[in-house]
Amino acid sequence: MSLSIDAAHRVAVVLVEALPYIRRFRGQTIVVKYGGNAMVDAQLKHSFARDIVLMKLVGMNPVVVHGGGPQIGELLGRLGIQSRFVDGQRVTDAATMDVVEMVLGGLVNKDIVNLINSHGGRAVGITGKDAAAIRARKLSLRHAGDDASLPDEIIDLGHVGEVEVIDTALLDLLSGRDFIPVVAPIGVGADGATYNINADTVAGKLAAALKAEKLMLLTNTAGVLDGSGKLIPRMDAATAQALIADGTIHGGMLPKINCALDAVAGGVGAAHILDGRVEHAVLLEVFTDSGVGTLIAGALDGIWPAS
Ligand SMILES: Nc1ncnc2c1ncn2[C@@H]1O[C@H](COP(=O)(O)OP(=O)(O)O)[C@@H](O)[C@H]1O
Ligand SMILES: CC(=O)N[C@@H](CCC(=O)OP(=O)(O)O)C(=O)O
């Protein structure tokens with residue numbers, strides 16, 4: 001492929017404009033949670049893969065964490081296994097766990113690896129079992145009842161896990177050797193048990209463990225919306241808590257906000273909730289001052305301290 005002089009000139013102008021951003025993020029880790037529409041629409045898939053490859057080429061260290069809830073649901077449906085969610089978490093019995101591991105660690109993970117590699121990247125897919133990168137334990141979900149004098153109800157979600165510790169050795173090795181890690185949100189217990197973990201949660205914990213400069217969570221809205229449906233461009237922890245309390249933030253946005261808040265409290269520079277329906281959402285975030293979507297700033301931004 002060769003460019004005309006006109007096209008090459010346009011490319012040169014753009015590259016020069018991008019230089020300050022490339023310099024700023026060179027050598028920095030950027031964790032991207034990939035899911036929602038960006039993962040099913042063919043055109044968006046290719047634009048996402050190109051963004052990740054370009055980030056790597058200019059010296060950033062992208063680490064991709066992926067979801068796959070709809071894909072798991074589809075195979076469970078074909079197998080006639082019912083799924084039930086409590087607070088956005090899939091109740092996971094042994095048969096469901098097998099399907100989750102097959103779909104996330106197999107189909108979805110390798111599809112993303114293949115996609116990135118088809119655009120010239122060198123992606124390596126892992127689950128949290130590889131090198132025991134994601135050590136997990138069983139999640140005990142607490143539910144406060146209406147009567148505050150009674151103890152919280154503990155809900156058993158089966159093989160759903162929470163992250164105990166992230167071992168970054170393998171991820172560091174891969175990123176350091178120019179590979180792009182693609183991580184499926186499966187954890188492993190000290191006893192070798194397999195755990196199904198919410199992908200947003202894994203992305204947040206991974207970003208903190210890798211001391212990432214940015215955590216980007218792609219979703220299917222413009223970002224976090226206020227009560228009248230308008231995008232909130234910036235948010236601090238207090239505003240987020242107020243919007244959760246009054247119900248403006250609910251459902252699938254809850255784990256995203258919570259993991260974004262955890263990540264910035266854990267030292268990640270900033271977390272962004274981005275519109276995965278927009279082409280090149282990831283690059284738009286990196287190459288603009290104002291950014292796109294909702295920014296939850298961390299201590300490194302100097303806007304407010306991590307709690
Ligand atoms: N305040 C809010 N702003 C934006 N989306 C919200 C808000 N509160 C709840 N949501 C819901 O959260 C959804 C995103 O979560 P989810 O569907 O789990 O995303 P994904 O599949 O991308 O992980 C949105 O589509 C929207 O329905
Ligand atoms: C415990 C739990 O619910 N795990 C999720 C893991 C995948 C995921 O989080 O995928 P999305 O990001 O596409 O929702 C699940 O089983 O669906």
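## The largest pocket

In this predicted model, the largest pocket has a volume of about 850 Å³. Its lining comprises 39 residues, and those closest to its centre are Lys33, Asn198, Asp200, Gly252 and Lys256. By class, the lining of this pocket consists of 16 nonpolar, 18 polar and five charged residues.

Several elements of secondary structure contribute to the lining of the largest pocket. At least two residues come from each of α3, β4, α6 (199-209), β11 (214-219) and α8 (253-265). The largest share, four residues, is supplied by α3.

## Ligand 2 and its shell

Which pocket corresponds to the space taken by ligand 2? That space is the largest pocket. Around ligand 2 there are 14 residues, with Lys33, Gly69, Arg90, Asn196 and Ala199 the closest.

The shell around ligand 2 is made up of five nonpolar, seven polar and two charged residues. Both α3 (69-79) and β4 (89-90) supply at least two residues of this shell. Here α3 provides the largest share, three residues; in the lining of the largest pocket, α3 likewise has the largest share, with four residues.

## Polar contacts of ligand 2

Oxygen atoms of ligand 2 take part in contacts with both side chains and backbone. A polar side-chain atom of Lys33 is placed 2.8 Å from an oxygen atom of ligand 2. For Arg90, a polar side-chain atom is also found 2.8 Å from an oxygen atom of the ligand. Ala199 contributes through its backbone, with a polar backbone atom 3.0 Å from an oxygen atom of ligand 2. Ligand 2 taken alone exposes 430 Å², and the protein buries 88% of that area.

## The second largest pocket

The second largest pocket holds about 600 Å³ of space. It is lined by 21 residues, and Gln89, Leu139, Leu141, Thr201 and Asn258 lie nearest its centre. The lining divides into seven nonpolar, eight polar and six charged residues.

Which elements each supply at least two residues of the lining of the second largest pocket? These are the strands β6 (134-143) and β7 (153-166), together with the helices α6 and α8. Both α6 and α8 also each supply at least two residues of the lining of the largest pocket.

How values were computed
Residues are numbered from 1 along each chain as its sequence is written. Chains are lettered from A and ligands numbered from 1 in the order in which they are written. This is a predicted model: local features need pLDDT of at least 70, side-chain atom pairs count only at pLDDT 80 or more; totals for chains, interfaces and linings use all residues. Side-chain values use heavy atoms; hydrogens and water are left out. A residue is near a molecule or strand if one of its heavy atoms lies within 4 Å of it. A polar contact is a pair of N or O atoms within 3.5 Å; within protein, one must be able to donate a hydrogen and the other to accept it, and residues adjacent in sequence count only if both atoms are side-chain atoms. Accessible areas come from the Shrake-Rupley method with a 1.4 Å probe; for residues, only the protein chains shown count as cover. On a 1 Å grid over the protein atoms alone, a cavity is a set of points where a 1.4 Å probe fits but cannot get out, and a pocket is an open set with protein on both sides within 12 Å along at least five of seven lines; lining residues have an atom within 4 Å of a point. A molecule sits in a cavity or pocket if more than half of its atoms lie within 2 Å of its grid points. Ala, Val, Leu, Ile, Met, Phe, Trp, Tyr, Cys and Pro count as nonpolar, Asp, Glu, Lys and Arg as charged, and the others, Gly among them, as polar. Grid points are joined across faces, edges and corners, and a volume is the space filled by probe spheres set on the points.
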